[in-house]
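Here are my notes on this model. Please read them with the structure open.

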Amino acid sequence: MERKHRGHDGASRAAFPQGLVRNDPAFTLLCIGEEGFGDSVCPDSDADWIRLGKLVGENTHLITLDIGYTGTERKESYEEMLRGVRRNRSIKNLRVSPNELVLGSICRILSPFLEGNSCLVKFTFHTAPAVGTRGSRGEMHALSSTLAKGSSLKALDLSYNFMDEDMAEELVPSLAGLSHLEELDLTANNIGLKGCGAL
């Protein structure tokens, strides 16, 4: 699990899992966020967010990456972390749970990660309740545009996203382009008969 120490300037430093730092073949799962499973890390300095993205981007053995609710206010550093992540080509299972602050960043920056990435086979997207209850067609359009890049996806989990029927309709064009998709999870949404019909 994550540990922290203080540098000479008093700033907190995240102690990253050594498996990640060493690119250990046995290190295949990482959770970025305040709570998670396995090895987890949640930096609280700009430098650590950027370094984390670099480590993940250069890693060649990670299989599962969970980017959870971070609660971070360091949006620019968080975006730099995402730019690092999108360079990775070993991750097969990506799970993201953005809050309202970083939703747009997730969709915009990770689009290139999905495009032409033949390794990624499962994408899970769970919004925080505060995002979902105020979800808009614009937000769903951003997600839809991101998903349209994921041509290699075999499993897509969009459960617990507070989607209504109009938001479900927004997804249709992107889903049509996922030719390898075998599983679609829409549990605990409110898409109704109209949304089901559109899908």
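Is cysteine 196 buried, partly exposed or exposed? Its relative accessibility is 46%, so cysteine 196 counts as partly exposed. Keep in mind throughout that this is a predicted model.

1. **Cysteines.** Cysteine 31 is buried, at a relative accessible area of 0%. The closest cysteine sulfur to that of cysteine 31 belongs to cysteine 42. The two sulfurs lie 8.9 Å apart, which is too far for a bond. A disulfide would need them within 2.5 Å. The disulfide count is 0.

2. **Overall make-up.** The chain contains 8 helices and 9 strands. Of its 199 residues, 47% are buried. The accessible surface is about 9,500 Å². Carbon and sulfur atoms hold 51% of that surface.

3. **Helix α2.** This helix covers residues 46-58, 13 residues in total. At 1.5 Å a residue it should span 18 Å, and its end C-alpha atoms are 19 Å apart, so the two values agree. Buried residues in α2 include Asp48, Trp49, Leu52 and Val56. Gly53, Leu55 and Gly57 are also buried there.

4. **Core.** The largest nonpolar core has 45 residues. Leu30, Leu52 and Leu94 touch the most other members. Helix α4 (residues 103-114) supplies the largest share of this core, 7 residues.

5. **Leucine 52.** Set aside neighbours within four places in sequence. Leucine 52 then contacts Phe16, Leu20, Leu30, Ile32, Val41, Pro43 and Met81.

Note on methods. Residues numbered from 1 in each chain as written. Predicted model: local features only at pLDDT ≥ 70, side-chain atom pairs only at ≥ 80, totals over all residues. Heavy atoms only, no water. Helix = DSSP H or I, 4+ residues; strand = E, 2+ residues; numbered from the N terminus. Expected span 1.5 Å × (residues − 1). Buried < 20%, exposed > 50% of the residue type's maximum accessible area, 1.4 Å probe, protein only. Core = buried A, V, L, I, M, F, W, Y, C linked by side-chain atoms within 4.5 Å. Contact = heavy atoms within 4.5 Å. Areas by Shrake-Rupley, 256 points an atom, 1.4 Å probe, with all protein chains shown as cover.
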